[in-house]
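This report covers a sheet and several helices of one model. The sequence and structure come next.

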Amino acid sequence: MRAVPAESPRPSRPPRSERNPGRYATVPLSRNRRRTRRWIAALAAGVLLPLPLAACGGSDSQDAEAGNVGSARAGGDVRAAARQQIASGGTLRWAVDAPPSTFNVFQPDSTEATQRVAGATLPSLFDLDKRGRPQADPDFLRSAEVTDTDPRQTVVYKLNPKARWSDGRRLGAADFRAQWKALRGKNNAYWTARNAGYDRIRKITKGAGDDEVKVVFGKPYADWRSLFTPLYPKQAMRSPKVFNDGLRTSLPAAAGPFRVAKAGKDRSRTLLKRNPRWWGDRAKLDRIVLTAVPRDERTAALAKGKVDVADIGASTAERIGASNGLGGPQRPDAAEGAKNAAEARKLEAKRREARKRKARERLGAATARALGDYEVRRALDPAYTQLTLNASGGPLADERVRRAVAQAIDRDELAEKALAGTGLPDDPLGSHLRMADQDGYRDNSGAFGSADLDSAQSLLADAGWKTGGLAGPKADGSAGKADGGQQKGEKGEKGEKGDEKEDRADGGPAEPPAAAGSPDAGGRAPHRAAAEASVVRLTAAQIARVVDRPLGLAASATAQRGAVLAQAAHSSLASAERAGSERKLSRARAALATAEKVQATAREMRLLAGDPASAVRSKDGKPLALRFVLPSGKGSAQLRATGKRIARMLNEVGIRTQIKEVPGESYFKDHIAAGDYDLALFSWPATAFPATEARPIFAKPRAASDGSLVVEQNYARVGTDRIDQLFEQAAGELDDGRRKELMEKADRRIWAVAGSLPLYQRPQLVAVKRDLANVGASGFTSPAYQDMGRRKS
């Protein structure tokens, strides 16, 4: 499975030179006509707030079940319109993060643009509905079913007899067979990102007629509907040379509502034109242009009217809302002081005009007017952000410490903050395998999904990490040497292990220590009373040991400096926004970030000096400090904010974090995949086929013949034989109910090993020109490219 775009970084496949072909089973990179399986892959440094893909709204009798089963709470937002209401013709300019480096979605370096091209131009046998349930696509399939299980599972596909490639040839068994041979993993010359499912096929033959394909499996395969989506023409899979290199620049044939017409020399623009041989509903648009626009340039591109559709972040969404006069009560009948609905509408209209005026003053009249041509469509993304704990060594190799980290974190608060202002549900995600709006979702987090500081303290104490381990000043006023006190003359300029350029987490103000005999001391939080008796205030040397480069030893002086810097930065920011200068804005934001770091240091100094309950824990003279690696860059602001909140929460139980911001382009390859971190945040995509496609993320690491460790996509590097067994059983279980039960058991065990902590389902915000219909934020439901277009005036 690959990782997703937005503000949070996404895991990607290792480079080909680093892969062991056949050992990786990755989520299919398909981006089909109506089904989009977005991968949260590759190091997107700045991908967390572009909200979910849209889906069609409406209720479903199966959506709400009893207990803690999820419901379709955020179906999507595409401004659906009937085809007769859409004008024919025109061009849709769609912003993508990067150009398509290849048109082959099964290669490790495929991009978001690759998936969009595949969705508009290639067959998709099964679509996903708004709950993530696969449905046969009638444009390609009349039927597909398991016709036999004894002696072997056999699936017969009956293709739509009208289905043709753009070269005039029928879709048929030859295409299925070529794709199977390329993806089954037996020929390492094919540089594939996955072979899951294809490696279970025994043979493929022609069925009773030209439009039938018979697939016989060597081993039962429950997720057979995930295969052959997208389906490539046989000439694209006939040899490793074509598969690896030929598909980088062209598609030999198309079988969708659009075809690839041209890819620019610099690959920044990819032109898709209406396919004249398409047998389904004729595409309303003449063409779609995929244009590469980096995330941090999206606002400017929208303000200049260069694109029609673009995933955006929260700040851009706020600017668009302000330009449209949004931001207060949106329902007329909610207007205060209104005597009737008509008066309420007048009041709301006045408020909107006032907000528009303020937007024009803040953003500039031209920018506000241009952004007012767009609206923000939003939904929950079929992807989630998680905290990953590297269990390969250090304190986190101890399961008790990992569980303590999980119980020290308030996931409700993190989800609420991350989704604030989006208008979307902000409940934390309770499953590693399904999204809250997905069929079969259940909250399996149990005791590990909610904050419990007392339990976290007990687990750490049981693991040998004690409060008061870093000695305080002796009776004569000198610093203690044992348990981590620094020797005279030692420098505390760097964090643990001398890591450079690491920012202190902004530990927030802790609760004041409870007075002796108070209910807080002996009741709700007994660990505070014990800490009060055993911990003394830290010396300057000890502060330097857990805080990178403190700005001063007086918390009050540091706080004062931070306040002054923040005031100046906010003034510069307001001035830059009025001037509309991106350069000035960048400088002002950098100044504000510096001010926030200074304020964070002041809070941390107060915390260390005044709250014994949260004093750093130690073991064998070493403080409990974890390296928290986060991506730098404008697009990852939300991710870094979440990381700093986590750091503050861990402070409460005596766990210190050293936040290290690294360039987005090296975040995943050089840190996550390499195991050079203790804590990290990134996103994974949802899948309708978790038994197959989620397995590599949680598979127990295995020793290779050369002594190296094969982790597949399990970057927490922890697993169990039982979890592997449950995935294997589920992958071969053809009964849907029984397969869901096996996945429930696997998810509960994944929670128990505490290698990763799902935080929240990501939001997706999409800026769309107001007159466009059937495009936007679609959730699990993939775009119907042939239905996109502009409403008739």
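In what order do the 4 strands of the open sheet lie? The order is β4-β5-β7-β6, with antiparallel pairing.

## Basis

The model is predicted; local features need pLDDT of at least 70, side-chain atom pairs count only at pLDDT 80 or more, and totals for chains, interfaces and linings use all residues. Numbering starts from 1 along each chain as its sequence is written, and side-chain values use heavy atoms, leaving out hydrogens and water.

## Sheet

Strands (E, at least two residues) and helices (H or I, at least four) are DSSP runs, numbered from the N terminus; two strands pair if DSSP finds at least two bridges between them. β4 (141-148) and β6 (201-206) are the edge strands, each pairing on one side only. From one strand to the next the twist averages 15°.

β5 (residues 154-159) and β7 (residues 212-217) are joined in the antiparallel sense over 5 bridges. Y157 has V213 of β7 as its bridge partner.

Helix α2 (residues 173-183) packs on the sheet and touches β5, β6 and β7 (contact: heavy atoms within 4.5 Å). The direction of α2 makes about 160° with that of β6; axes are lines fitted to C-alpha atoms, for helices over the stretch in contact, and angles run from 0 to 180 degrees between N-to-C directions.

## Helix pair

α10 (residues 411-418) and α17 (residues 637-651) pack at about 155°, their axes 10 Å apart. They are therefore roughly antiparallel (over 145 degrees). On the α10 side, E413, L414, K417 and A418 make the contact; on the α17 side, Q638, T642, R645, I646 and M649 do.

Notes: Parallel < 35°, antiparallel > 145°, perpendicular 65-115°, else oblique.
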